[in-house]
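Here is a short tour for anyone meeting this structure for the first time. Take a look at the sequence and the model, then read on.

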Amino acid sequence: MSSSFTSFASFYETWFEQLHHLVHQLSTCPRPPTPPDHHHHLLHVVQKVISHYAEYYRVKALAAERDALAVFVAPWATTLERSLHWIAGWRPTTAFHLVYSESSIHFEAHIVDILRGFRTGDLGDLSPSQFRCVSELQCETVKEENAISEELSEWQEGASELMGACTNLDMKMGRLVSVLKKADDLRLRTVRKVVELLTPQQAVEFLIAAAELQFGVRGWGMNQDRRRGNV
């Protein structure tokens, strides 16, 4: 692994540990946020988490400019994580599946209260308007995913050009960097847009669920790699 990537791997470990601390802050937020100061506190913590993700993608983009192929194979990830990757990261549409599954879990947990007319304010209490907006955003995201996937396919189909004597390798790698950045941009925009469609309480629950999924997959992947002797 190159020295620049050793540096990024170190950054990722620190970033991942900081994510744990941020999720703890999310978990201890008062829910539902009754007084105004609770509401502002939720918004503040949610923004801290979004900024944390943005910082990860900013540093990752710089690493891609130095070594696009290393970023693409994601050596900082476990074997399990890499098997689930879409262009060196999670598939953006995963966010919508998470919203729907968490909404179902919360709805079933409070179904008696909901049937009695009580509003829980959590992800199980999404309004028809919110469901419609989430569905529309999902359709838009699927289109963007497909477009980026097609761009990667075109890059891969031109792999034979890499063997040519007159190949402009820098230009070829530049196209791969562009694909990587577009994929990460879509990932970040998707999280931001989903959060914008939710109330602060719902956004907290969504971000906790997303991070816990990430923690779970990485933890399981590390255990599997240890058993295989990969770590």
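## Starting from one lysine

In which helix is Lys181 found? Lys181 sits in helix H8; helices here are DSSP runs of H or I with at least four residues, strands are runs of E with at least two, and both are numbered from the N terminus. Before going further, note that this is a predicted model, where local features need pLDDT of at least 70, side-chain atom pairs count only at pLDDT 80 or more, and totals for chains, interfaces and linings use all residues. Residues are numbered from 1 along each chain as its sequence is written, and side-chain values use heavy atoms, with hydrogens and water left out.

Lys181 counts as partly exposed because its relative accessibility is 33%; buried means under 20% relative accessible area, exposed means over 50%, and partly exposed is in between, using a 1.4 Å probe and protein chains only. Leaving aside neighbours within four places in sequence, Lys181 is in contact with Ala61 and Glu65, where contact means heavy atoms within 4.5 Å. Arg58 is 123 residues from Lys181 along the chain, yet their C-alpha atoms are separated by 9.4 Å.

## The overall build

The protein has nine helices and zero strands, so the pattern along the sequence reads α-α-α-α-α-α-α-α-α. There are 231 residues in the protein, and 40% of them count as buried. Take the contacts between residues at least 6 apart in sequence: 76% of these join residues at least 24 apart.

How does the span of H7 fit its 30 residues? At 1.5 Å a residue H7 should span 44 Å, and its end C-alpha atoms are 43 Å apart, which agrees; the expected span is 1.5 Å times one less than the number of residues. The buried residues of H7 include Val134, Leu137, Thr141, Ile148 and Trp155. An α-helix has 3.6 residues a turn, so residues three or four places apart point the same way.

H9, with 29 residues, reaches 42 Å from its first C-alpha to its last, close to the 42 Å expected. Just after H9 comes Gly229, with a positive phi of about 80°.

## Where H8 meets H9

H8 and H9 pack at an angle of about 145°, and their axes are 8 Å apart. Axes are lines fitted to C-alpha atoms, for helices over the stretch in contact, and angles run from 0 to 180 degrees between N-to-C directions. On the H8 side, Val191, Val194 and Val195 meet Ala203, Phe206 and Leu207 of H9. By class, this contact has six nonpolar residues, no polar and no charged; Ala, Val, Leu, Ile, Met, Phe, Trp, Tyr, Cys and Pro count as nonpolar, Asp, Glu, Lys and Arg as charged, and the others, Gly among them, as polar.

Leaving aside neighbours within four places in sequence, Val99 is in contact with Leu126, Val194 and Phe206. Val99 counts as buried because its relative accessibility is 1%.

Which helix gives the most to the lining of the largest pocket? That is H9, with seven residues. The largest pocket holds about 650 Å³ of space, and of its 28 lining residues the closest to its centre are Gly89, Trp90, Arg91, Leu213 and Gln214. The lining has 20 nonpolar, four polar and four charged residues.

There is also one cavity of 30 Å³ or more, lined by residues including Leu137, Glu140, Arg189 and Lys193. Its lining divides into two nonpolar, two polar and four charged residues. On a 1 Å grid over the protein atoms alone, a cavity is a set of points where a 1.4 Å probe fits but cannot get out, while a pocket is an open set with protein on both sides within 12 Å along at least five of seven lines; lining residues have an atom within 4 Å of a point. Grid points are joined across faces, edges and corners, and a volume is the space filled by probe spheres set on the points.

Most residues other than glycine have a negative phi. Ala74, in the loop between helix H3 and helix H4, has a positive phi of about 50°. Ile87, in the loop between H4 and H5, also has a positive phi of about 50°. Ala74 counts as buried at 0% relative accessibility, and Ile87 counts as buried at 6%.
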